[in-house]
Amino acid sequence: MTRKRRRLYIVVAVLLVFGSATGLVLIALDDSLDLFQSPSQLIASPPPPERGIRLGGLVEEGTVLRATDGLSVSFRITDGAQSVPVNYQGILPDLFREGQGVITLGKMSPEGTFVAREVLAKHDENYLPREVVDALKESGQWREGMGGTE
Amino acid sequence: MIVELGHFALILALVAAVLQGSLPMIGAARGNHAWMELARPAALTQLLLVVFAFSALTHAYVTSDFSVANVVENSHSAKPLLYKITGVWGNHEGSMLLWILILAAFGSAVAVFGGNLPPSLRARVLGVQAWIGIGFILFTLFTSNPFLRVFPAPLDGQDLNPLLQDPGLAFHPPMLYAGYVGFSIAFSFAIAALIEGKVDAAWARWVRPWTLLAWSFLTGGIALGSWWAYYELGWGGWWFWDPVENVSFMPWLLGTALLHSAIVVEKRNALKVWTILLAILTFSLSLIGTFVVRSGVLTSVHAFATDPERGFFILILLAVTIGGSLILFAIRAPALKAGGLFAPISREGAMVINNLFLAAACATVFLGTLYPLILEMLTDGRQKVSVGPPFFNATFVPLMVPLVFLMAVGPMLPWKRGDLAGALGRLKLAALAAVTAAGLAYYLQSGGPVLAVGAIGVAAWLFVGALVEWTDRVKLFRVPLADSWHRARNLPRAAHGMTLAHSGLAIVMAGMIGSSVWKTEVVTNLMPGETIEVAGYSLLFDGVSSQAGPNYQADRARFTVTREGEEIAVLFPEKRIYQVRSMPTTEAAIRTTLLADLYAVIGDSDGQGGWTVRVYHEPLVPWIWLGCFVMVAGGLTSLSDRRLRVGAPRRRRKDQAASRPAAA
């Protein structure tokens with residue numbers, strides 16, 4: 001075993017392991033990313049139905065409806081300019097309230113309703129997700145003192 | 001007054017750090033012994049001063065001194081004492097002070113226990129350690145000072161975020177920090193070695209205990225954090241691939257690699273340059289872990305505060321530390337002498353493979369965590385994406401499975417040149433265990449994904465493989481038990497440590513697979529008196545009552561759990577409102593057996609007497625924390641190995657003969 005031989009083996013091993021890691025990353029990046037969209041963006045250019053979307057904005061006041069089974073909830077998410085209807089089944093996070101900034105993960109149904117599999121509200125009442133802040137700024141609805149991070 | 005003294009002590013600590021970082025370094029360069037020796041008293045002085053500063057802040061918290069801005073923002077007079085104390089580090093400023101405290105403590109530990117280090121190396125290690133301290137103290141004093149007063153002082157504080165008012169989280173940050181900061185010692189040793197231009201087996205022997213200690217803390221810290229997320233967030237999950245989790249996991253992955261490559265340096269004097277690089281990168285990731293999350297660049301629960309001044313300071317600090325050390329590495333590393341040769345199939349070869357997989361896995365986690373940031377910068381903020389668990393499941397998991405598979409083989413290979421067939425032959429029992437466990441999992445869970453069944457097999461393979469390696473060494477059942485006992489006692493502690501750590505990982509893995517693949521979840525709306533069935537248990541919902549806590553109001557539900565008609569437990573999940581921040585939290589009720597958890601959470605009332613209820617049955621989930629505990633125990637056992645004890649006398653001949661197969 002010479003130094004050169006050993007170096008060759010190591011280089012081959014590095015290429016193999018890192019090559020497969022790169023391959024895995026490229027495949028995964030292609031189909032497991034959730035794209036952040038504001039309601040305006042979502043309405044302007046509807047994404048393909050299989051695309052994972054993070055829809056963020058404020059829960060529109062007066063739109064939260066709970067079904068009689070106690071589980072299904074529907075509400076609208078707004079960025080001030082546009083709003084999108086959302087359906088969700090399950091327990092809402094503790095800080096889910098009307099007027100509150102939320103992010104929902106899910107897919108757009110062909111009927112134009114967003115079907116959420118997860119609803120996230122952050123762990124602090126003053127907190128607005130950064131994406132939501134940006135979306136509000138874009139639609140001109142941002143006011144100082146709404147909280148959140150910049 | 002005490003607060004001002006604390007502030008002043010922190011400034012004096014900065015002075016001590018500057019002394020510690022300058023004179024001994026110059027002394028080491030010029031061979032001036034007296035100047036080199038200054039490092040030790042300076043390190044101890046710095047520690048004393050930081051302890052004083054930290055105690056002053058703690059005093060302000062305990063006595064609820066609301067003239068201090070930091071206390072106002074994060075404490076409240078009605079808070080239980082435990083959370084008044086833990087509130088000290090439950091915020092950005094205080095956590096920075098804790099970081100400095102741990103850093104100074106590690107530095108002093110080197111000063112105290114490093115008696116047999118060559119004086120110039122010790123002076124340089126302490127010097128580098130002081131440089132890190134200077135950076136952090138400056139950062140704290142200028143951008144995150146916890147000692148600032150407010151005037152007029154408010155009557156009461158704003159309370160600590162209720163999610164942080166929890167025993168699991170109270171001790172998670174100190175553990176995690178001890179892990180992060182512990183790697184600073186490996187880093188300082190690496191930089192000092194680069195300055196000295198010399199890395200040898202002795203160097204590796206000095207670095208290993210510190211790396212082991214840091215690794216054990218970090219493992220414990222991550223496990224505590226995950227445990228907290230599991231029972232406090234109410235989602236029944238224990239790992240979310242959230243940026244905060246990822247940044248603590250990356251130094252763990254590289255730290256694990258470092259732990260193994262340092263063994264090769266120690267035993268075979270090979271992989272030196274790589275080990276130095278790993279030490280630098282591991283600590284760099286720890287720094288990124290502290291800062292990137294804290295600075296709010298990546299948003300998460302832990303992003304306490306954001307302000308541009310801090311961000312700028314952080315960037316400079318990161319650039320100087322990481323950039324500077326990598327430049328030093330590029331200049332000095334080629335001068336290090338290459339070490340011993342080895343065949344690809346050998347213990348060294350196995351360690352190289354281990355390092356490759358860990359580094360590649362770390363790289364995928366790094367990419368997944370920072371990709372949203374990179375993409376946003378490249379597209380000027382137009383493209384916002386998030387990288388969720390599917391990405392990590394598709395990249396990280398496939399890289400881990402072969403690694404775990406090889407983990408059983410590696411320790412069977414001797415140094416320099418190994419015999420793969422022989423090693424595999426010794427693993428027959430492990431193969432049998434793998435097939436049996438996979439079959440059992442398939443049978444018990446009536447199917448389930450083939451991959452998961454296979455992964456259970458791999459976990460069993462590793463577990464039995466690790467045990468077989470140990471039993472072979474002590475010749476269990478092949479020689480009289482007393483003989484085996486004698487052999488076990490003479491085995492180096494590091495060998496026991498490895499067996500524990502490897503089998504611990506197998507336990508963790510089984511827990512992860514079991515709880516994610518065979519989890520059952522029932523979400524429903526219940527009226528009092530109704531019953532739900534989950535995985536063979538029935539839960540009778542008795543209703544909800546109001547309870548008052550010290551600083552919260554709770555709706556407490558009562559469930560009577562029965563199995564086959566027999567009452568086995570009563571669960572009390574709660575929904576709390578913390579008055580000061582008017583913030584609701586969910587308190588899960590968990591009934592655990594060692595084999596599975598029953599996990600109940602209540603949601604909102606529907607206004608007509610019904611409540612949303614979520615119940616999980618998670619098989620094997622306690623094994624995750626049990627396994628982590630075994631891993632930490634392995635780390636600490638290994639740490640107690642006398643050969644690693646800095647300053648320990650050389651081993652006696654007799655011991656060396658008894659432990660002929662080199663320890664890992």
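This is a predicted model: local features need pLDDT of at least 70, side-chain atom pairs count only at pLDDT 80 or more; totals for chains, interfaces and linings use all residues.

Colleague: How many bridges hold β4(A) and β5(A)?

Modeller: Seven, and the two strands pair in the antiparallel sense. β4(A) covers residues 72–78, and β5(A) covers residues 83–89. As one pair to look at, A:S74 has A:N87 as its bridge partner in β5(A).

Colleague: What stands opposite A:S74 from β3(A)?

Modeller: A:L65. Strand β3(A), residues 65–66, runs antiparallel to β4(A), and two bridges join them.

Colleague: And how many bridges link β2(A) to β4(A)?

Modeller: Two, again with antiparallel pairing. Strand β2(A) spans residues 53–59. Its A:V59 has A:I77 of β4(A) as bridge partner.

Colleague: Is β4(A) mostly covered or mostly open?

Modeller: Mostly covered. Five of its seven residues are buried.

Colleague: Switching to the chain contact. How many residues come from chain A and chain B?

Modeller: 38 from chain A and 42 from chain B. On the chain A side, α1 (3–31), β1 (33–37) and α3 (130–138) each supply at least two residues.

Colleague: Which element gives the most on that side?

Modeller: α1(A), with 14 residues. By class, the side of chain A that touches chain B has 21 nonpolar, five polar and twelve charged residues.

Colleague: Which strands pair between the chains?

Modeller: β1(A) pairs with β1(B), residues 385–387. The sense is antiparallel, over three bridges. Look for A:L33, whose bridge partner in β1(B) is B:V387.

Colleague: Now helices. At what angle do α6(B) and α7(B) cross?

Modeller: Roughly 165°, and their axes come within 10 Å. Angles over 145 degrees count as roughly antiparallel, so that is how α6(B) and α7(B) lie to each other. For the ranges, α6(B) is residues 92–113 and α7(B) is residues 119–143.

Colleague: Left-handed or right-handed crossing?

Modeller: Left-handed, as α6(B) passes α7(B). On α6(B), the contact residues include B:W99, B:L103 and B:G107. On α7(B), they include B:Q129, B:G133 and B:F136.

Conventions. Residues are numbered from 1 along each chain as its sequence is written. Chains are lettered from A and ligands numbered from 1 in the order in which they are written. Two residues are in contact if their C-beta atoms, placed from the backbone, lie within 7 Å. Helices (H or I, at least four residues) and strands (E, at least two) are DSSP runs, numbered from the N terminus. Ala, Val, Leu, Ile, Met, Phe, Trp, Tyr, Cys and Pro count as nonpolar, Asp, Glu, Lys and Arg as charged, and the others, Gly among them, as polar. Two strands pair if DSSP finds at least two bridges between them. Axes are lines fitted to C-alpha atoms, for helices over the stretch in contact, and angles run from 0 to 180 degrees between N-to-C directions. Angles under 35 degrees count as roughly parallel, over 145 as roughly antiparallel, 65 to 115 as roughly perpendicular and the rest as oblique. A crossing is left-handed if the near helix is turned anticlockwise from the far one by less than a right angle, and right-handed if clockwise. A residue is buried if 20 or more other C-beta atoms lie within 10 Å of its own, exposed if 12 or fewer, and partly exposed in between; C-beta atoms are placed from the backbone.
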